[in-house]
Amino acid sequence: MPAVLPPRESFQTMTTLLRATLLPLLLALSAPALAKAKEEPRVFGWLEKAIVMPVGATVKMKLDSGAKTSSMDARDITPFKRNGKRWVRFVLHLEDKVSGEDVYRELEMPVKRYVRLRGAGGEDRRPVVVLPICIGDRVYREEFTLRNRDNMLYPVLIGRTTLKHMGLLDVTRTYLNDPTCPVPELRPAGKR
Amino acid sequence: MNRLAALLVATALAATNALANSPNRASEGERVYGWLEKAVVLPVGATVDIKLDSGAWTSSMDAKDIETFRQDGKQWVRFDLRLEDHVSGAVRHREMRLPLERITRVRGAGGEDLRPVVTLPVCIGDRVFHEQFTLRDRENMTYPVLLGRRTMKELGLLDVTATYLNKPACPLARLDRAAGGKGDKPGKGG
């Protein structure tokens with residue numbers, strides 16, 4: 001390809017040339033910038049919204065670097081045995097911040113493990129289950145301790161084991177990543 | 001066509017710029033801290049482990065024999081700072097008397113608790129921060145100092161996959177001045 005246009009070329013050839021030279025140039029210019037932008041880690045605020053996938057509810061969650069394991073508000077937590085394995089039955093009862101409605105669903109899941117929690121009121125054993133949760137544009141399958149967080153401001157608390165899969169934390173900001181995962185069809189609230 | 005190409009260049013550049021500066025991406029040169037760091041608690045000169053806790057608003061520090069009292073019509077706090085210095089292994093302690101900033105209400109599993117708040121200088125990275133700490137007997141806790149969001153917002157971004165990214169390295173002259181200052185006015189690092 002000539003670096004300088006020959007004198008008697010038509011306008012059309014010129015535009016073709018422009019297209020031929022400018023577009024690759026443009027791509028070459030933007031490619032490193034795009035690649036670099038991709039490398040920069042994602043940043044989350046100390047509060048974010050997430051979709052708790054089993055109930056399709058959008059909730060507020062607190063990103064807590066002081067906690068190791070994530071935890072989720074659950075009611076009627078009942079351990080039981082199934083085929084000799086440890087399972088737990090519990091109710092997710094959350095307010096969907098999008099519709100403003102309460103969503104409700106009883107779940108039965110295998111217990112991953114039990115954690116011992118040290119609190120002001122002594123020790124406590126809580127079951128840990130794996131639950132899918134949408135943060136930003138990704139569904140994360142994360143371990144949550146189940147706990148009645150009724151009197152807490154946020155029904156979901158994200159600890160370091162989950163934060164490690166996400167990115168960096170900026171405690172001066174909130175709600176930097178809206179959850180955008182498609183939610184599967186759910187039965188109406190209250191029906192089981 | 002010419003104009004279209006120019007427009008394309010402009011939009012593409014704008015788009016890449018927007019991507020590079022998008023609010024949920026870290027930008028180059030931002031300071032990053034691990035969820036554990038070391039800091040020097042200046043009044044006793046002890047280097048301790050601190051836990052960066054985004055779940056807490058106010059920072060807190062282990063203290064013993066905490067008492068509030070009145071002097072010249074103002075509220076003060078008397079307490080003992082007793083911290084193990086990670087550099088020498090020795091326990092450093094000093095009785096402190098500082099003006100009471102305020103009292104915080106702490107909600108815990110065991111109900112509500114009232115705790116005094118004072119301003120104390122700590123060295124994190126290469127800066128001295130005069131920060132508010134609630135005082136609390138944290139004897140049974142792993143880390144004597146906990147940094148809440150109120151302090152972390154002066155620092156930078158948090159990477160929970162990392163620990164000890166910033167060694168405390170405040171100039172000695174500044175350390176002496178900060179440690180010796182008797183409750184000098186609270187400020188943001190220096």
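Student: In what order do the three strands of the open antiparallel sheet in chain A run?
Tutor: A strand is a DSSP run of E, at least two residues long, numbered from the N terminus, and two strands pair if DSSP finds at least two bridges between them. This is a predicted model, in which local features need pLDDT of at least 70, side-chain atom pairs count only at pLDDT 80 or more, and totals for chains, interfaces and linings use all residues. Residues are numbered from 1 along each chain as its sequence is written, while chains are lettered from A and ligands numbered from 1 in the order in which they are written. The three strands form an open antiparallel sheet in the order 4-5-6.

Student: How many bridges join strand 4 to strand 5 of chain A?
Tutor: Strand 5 of chain A covers residues 85-95 and runs antiparallel to strand 4. One bridge partner pair is Pro79(A) with Val88(A), the latter in strand 5. The number of bridges joining strands 4 and 5 of chain A is six.

Student: Is Asp76(A) buried or exposed?
Tutor: Asp76(A) is found in strand 4 (residues 75-82) of chain A, and its phi is positive, near 50 degrees. A residue is buried if 20 or more other C-beta atoms, placed from the backbone, lie within 10 Å of its own, exposed if 12 or fewer, and partly exposed in between. Asp76(A) has 10 other C-beta atoms within 10 Å, so this residue is exposed.

Student: Where in chain B does Asp72(B) lie?
Tutor: Asp72(B) is not a glycine, yet has a positive phi of about 50 degrees. Most residues other than glycine have a negative phi. Asp72(B) counts as exposed, because it has 5 C-beta neighbours inside 10 Å. Its place in chain B is the loop between strand 4 (64-71) and strand 5 (74-84).

Note on methods:
Helix = DSSP H or I, 4+ residues; strand = E, 2+ residues; numbered from the N terminus.
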